[in-house]
Amino acid sequence: MTKILIIYTGGTIGMVNDAKTGTLIPFDFQQIQENVPELARLNYQLSVHSFDPILDSSNMNPEIWASLAKLIRDEYERFDGFVILHGSDTMSFTASALSFMLQHLAKPVVLTGSQLPIGEIRTDAKENLITALEIAATKKDGKPMVPEVCIYFDYQLFRGNRSIKYNSEKFEAFLSPNYPILAEAGVNLTFFPNYILPEPTEPFQIHTTFNANIGVLKMYPGITERAVKAITESAVDAIVLEAFGSGNTTTAPWFIDCLQQAIANDKIIVDISQCKGGSVQLGLYETSRKLQQMGIVSGYDMTFEATVTKLMYLMGQGLDRAAIKQLLEISIAGELTVGN
């Protein structure tokens with residue numbers, strides 16, 4: 001019998017209305033089972049690990065990611081797949097982080113959640129949970145169909161480190177703007193093997209050391225020198241530069257000087273686009289040529305979530321700056337498009 005471990009971290013999927021305050025509060029997984037009697041009809045052996053205390057996803061952090069990775073490592077041989085129930089707000093961050101932490105993963109790790117609590121009449125929680133379990137259990141020729149970290153939400157399966165949450169009100173909460181979906185749930189559960197990572201050839205291992213000392217500099221017309229220096233002169237080890245379009249910024253001398261001084265102070269700067277779709281192409285326009293020349297790293301078509309967690313992961317490995325910058329520009333877990 002297929003064995004699936006459900007890891008319940010919290011999130012809307014496990015919330016219930018507090019009659020006194022009118023706010024959503026967490027409850028335990030036993031009540032989720034009561035609200036989804038269909039789970040008993042699945043021909044899987046389900047085990048549950050609940051975090052204690054249950055977490056609001058806004059409180060997710062690298063220490064909890066490490067706990068998730070260690071739990072999967074410890075239970076890796078016992079289970080065929082893993083389903084993580086998680087709040088949707090930071091789900092793409094967690095999925096991205098796990099994609100880097102779980103090296104040579106040969107089993108499905110499927111994150112899912114919901115926009116409405118599981119006890120609501122119109123909830124999306126039941127379908128998301130049941131189909132996530134089916135995806136985690138699906139095999140072809142005896143091997144898992146999706147040996148990677150992914151997110152299932154509203155009938156679509158996304159690569160975890162390519163996903164973004166784009167809507168807080170629709171059931172269709174997630175998108176993968178720069179990479180095709182891995183599977184689609186309709187009358188049939190249809191997988192798209194060409195877009196799924198190949199089965200690894202090396203043994204599974206985890207890396208749990210992160211360096212979260214990162215600043216974020218988001219460009220906007222009229223940004224001031226004082227605002228920029230608040231980031232570039234701060235005691236961070238790396239900066240994510242959210243630029244315009246294909247990686248463009250102002251070419252004002254004071255701005256270029258700020259970036260050059262940050263690099264001289266051994267800070268890594270990664271240029272990603274504010275646009276949800278498309279890729280950074282440093283040097284395509286004059287406004288980004290100076291960035292390329294001074295040694296700013298291209299984030300290509302990585303999401304903000306993937307960029308932040310990849311930086312945390314690489315900087316936590318004890319690598320030198322040159323190695324980190326080199327690895328940022330290549331795909332190590334399917335997070336960016338090769339050849340951009």
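**Figure 1. Contact of helices H8 and H9 in the predicted model.** Two packed helices are described by the angle between their axes and the distance between the axes. Here the axes of H8 and helix H9 (residues 321–328) come within 10 Å and cross at roughly 145 degrees. The crossing of H8 and H9 is right-handed.

**Figure 2. The second largest pocket, to which helix H8 contributes lining residues.** The volume of the second largest pocket is about 230 Å³. Its lining consists of 19 residues, and those nearest the pocket centre are Ile164, Cys275, Lys276, Thr303 and Phe304. At least two lining residues come from each of strand E12 (164–165), strand E19 (268–273) and helix H8 (304–315). In terms of residue class, the lining of the second largest pocket holds 9 nonpolar, 5 polar and 5 charged residues.

**Figure 3. The largest pocket and its lining.** A volume of about 340 Å³ is computed for the largest pocket. The pocket is lined by 21 residues, of which His104, Leu105, Leu197, Ile332 and Ala333 are the closest to its centre. Sorted by class, the lining of the largest pocket contains 9 nonpolar, 8 polar and 4 charged residues.

**Figure 4. The open sheet of 8 strands.** The strands follow the order E4-E1-E5-E7-E10-E11-E14-E15, with mixed pairing. Strand E4 (44–55) and strand E15 (189–191) are the edge strands, each of which pairs on one side only. On average, neighbouring strands of this sheet are turned by 20 degrees against each other when direction is ignored.

**Figure 5. Pairing of strands E1 and E4, with helix H2 packed on the sheet.** Strands of a sheet pair through backbone hydrogen bonds, either parallel or antiparallel. For strand E1 (residues 2–10) and E4, the pairing is in the parallel sense and extends over 8 bridges. Thr2 stands opposite Tyr44, a residue of E4. Helix H2 (residues 62–75) packs on the sheet, where it touches E1, E4, strand E5 (81–85) and strand E7 (109–112). The direction of H2 makes about 165 degrees with that of E1.

Key
Residues numbered from 1 in each chain as written. Predicted model: local features only at pLDDT ≥ 70, side-chain atom pairs only at ≥ 80, totals over all residues. Heavy atoms only, no water. 1 Å grid on protein atoms, 1.4 Å probe; cavity = no way out; pocket = protein on both sides within 12 Å on 5 of 7 lines; lining within 4 Å. Points joined across faces, edges and corners; volume = space filled by probe spheres on them. Nonpolar A, V, L, I, M, F, W, Y, C, P; charged D, E, K, R; others polar. Helix = DSSP H or I, 4+ residues; strand = E, 2+ residues; numbered from the N terminus. Pairing = 2+ DSSP bridges. Axes fitted to C-alpha atoms, helices over the stretch in contact; angles between N-to-C directions. Contact = heavy atoms within 4.5 Å. Left-handed = near helix turned anticlockwise from the far one by under 90°.
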